[in-house]
Amino acid sequence: MGKPTGFIEFGRELPKKRDVEVRRTDYKEIEPIGNETQSKQQAARCMDCGIPFCHNGCPLGNIIPEFNDAVYEGNWEYAYQILSSTNNFPEFTGRICPAPCEASCVLGINKPPVAIEFIEKSIIETAYEKGYVKPRIPSKRTGKHVAVIGSGPAGLAAAAQLNYAGHWVTVFERADQIGGLLRYGIPDFKLEKTVVARRVAVMEAEGVTFKTNEHVGVTVKSEELMRDFDAIVLAIGSTEPRSITIPGWQAYLGKGVHPAMEFLSQQNKRVSNIERVVDHRGEKYGNGELLATDKHVVVIGGGDTGSDCVGTSNRHKAATITQVEVMPAPKYDDKNEPFYKVRDEKTPWPLWPLTKRTSTSHEEGCERFWAIAVQEFVGDGEKLTHLRIADITGERTLEDGRKAPITENERLIPCDLALIAAGFVHPQQSLLEQFGVETDIRKNIKAAENSYATSVEKVFAAGDCRRGQSLVVWAISEGREAARKVDEFLMGESLLEAKEIGMFNPAFAHA
């Protein structure tokens, strides 16, 4: 619980972000790690709440009060042991997780919640610094071989857990670097790629084999994997972008209209000085180099991916940046306000609050508009020049029962570069057809949560390709749970921990 009176003595305080004018000139992480004194003080705010709702708020079931107490006591090694018992990659979640645990913090009912994400990041960075993060090599191998397809957070988590259980694990990744969207999606100013490479190096030392530029279904056939491996885990993410059926879309696709991930993955390669041969899906670029420099950029979509496009465009020195969202603006704005002051009545504590969120990218400069209908992409025949938009004031019912927006104030706005950040709908279908797995109504892989098994013997699924587009913390949780089910399938039982079970020593798995 930290210090009994800590929540009274100390307020919520995070390390100061790097100055806007400085950080817009580079791609280094915006938020510093913080020092030991800050971490201990924030951990001291964890109160003796009786029932820690933060456990329920965290998809991984992180044992939060216990690691807070260890940090307050200065026992960093024990804090790391507790944290890593439920979370394989706290260096990722400590940077890019929206922290649903904080929204469920009991202190957050009437005060700013405990800074759980900051403490988590402090623990793992201290663990690396002090040498607590060491390869966890299983004491005995089972002789079983497992293929994991996809190296995003779900695939990496499944691979790590299955390796701890003693199986030989090979991860297949179609891109030229390991990490999935951690590597070729999330900008470096939120997650520097040295952080991903550092963890991959640990996993390689533990015995996990990584194969890049291996596009399953193209360079390696599913039949080969079914023949050579005892089990297969599909962790291929949700990579098919939501289509935008707007007049002018096809005419200017590649001529000013581009998917957000094409824009973001190119920039990640620039930062890492990697030749831009393929995009985040392993496919060759067909539209040349994308830069927002001196352009009027419009980001279509108000989520995290859209925010990442805003931050990247700022660093490119775009002429103007506008972000539009089809949904109406939330009632409350979270800017400089704790959750308890801005909760909508529809999302009371301990639910995730519905608020208008201002990201670090928005702080750097961007015009934001809500309830906007993009009606047409307009150009000169060769390239995009404008967008036709209108305000959404309501909706009407069409003769066939479908809903259509009621709009007014139609207008043209300048736009040289339109970035589509409208989300993803489902995994790549051609790969699923290769394995013959069934899909659900949303075209995600059909695999029950209590087994993670697909309709095909010895083929399992985890992450966004199963549950749909979601958070990194959910992907890690899915990978861990799927690994446990694969282990049970291979061995008849599993000593890998379920989410509700506490600490576990992987050295004892199948020993």
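S238 is found in the loop between strands β4 and β5 (240-241); helices (H or I, at least four residues) and strands (E, at least two) are DSSP runs, numbered from the N terminus. The structure is a predicted model, in which local features need pLDDT of at least 70 and side-chain atom pairs count only at pLDDT 80 or more, while totals for chains, interfaces and linings use all residues. Residues are numbered from 1 along each chain as its sequence is written, and side-chain values use heavy atoms, with hydrogens and water left out.

Buried means under 20% relative accessible area, exposed means over 50%, and partly exposed lies in between (1.4 Å probe, protein chains only). The side chain of S238 reaches the backbone nitrogen of H426 at 3.2 Å. This falls under the term polar contact, a pair of N or O atoms within 3.5 Å; within protein, one must be able to donate a hydrogen and the other to accept it, and residues adjacent in sequence count only if both atoms are side-chain atoms. Residues up to four places away in sequence aside, S238 touches F424, V425, H426, P427, D464, C465 and Q469. Contact here means heavy atoms within 4.5 Å.

L107 is buried, with a relative accessible area of 3%. The contacts of L107, apart from neighbours within four places in sequence, are F7, R45, M47, P112 and V114. C46 is 61 residues from L107 along the chain, yet their C-alpha atoms are separated by 7.8 Å.

**The parallel sheet**

An open sheet is formed by 5 strands in the order β3-β2-β1-β4-β15, with parallel pairing. Two strands pair if DSSP finds at least two bridges between them. Strands β3 (209-211) and β15 (459-461) stand at the edges with a single partner strand each, so one side of each is left without a neighbour in the sheet. Neighbouring strands are turned by 20° against each other on average, direction ignored. Axes are lines fitted to C-alpha atoms, for helices over the stretch in contact, and angles run from 0 to 180 degrees between N-to-C directions.

Two of the pairings are set out below.

| Strand pair | Bridges | Opposite residues |
|---|---|---|
| β4 and β15, parallel | 3 bridges | I232 and V459 |

Helix α10 (residues 153-164) packs on this sheet and touches β1 (145-149), β2 (168-172), β3 and β4; the direction of α10 makes about 165° with that of β2. In β2, 4 of the 5 residues are buried, so this strand is largely enclosed by the rest of the structure.

**A helix and its neighbours**

In helix α6 (residues 76-84), the residues W76, A79, Y80, I82, L83 and S84 are buried. They pack against α3 (36-43), α5 (64-72), α7 (90-96) and α9.

**Confidence**

The protein chain has a mean pLDDT of 91, and 94% of its residues reach 70 or more. The term pLDDT denotes the predictor's confidence in each residue, from 0 to 100. Over residues 501-511 the pLDDT is below 50, and this stretch has 28 contacts in the model beyond near neighbours in sequence. Where pLDDT is low, the predicted coordinates should not be read in detail.
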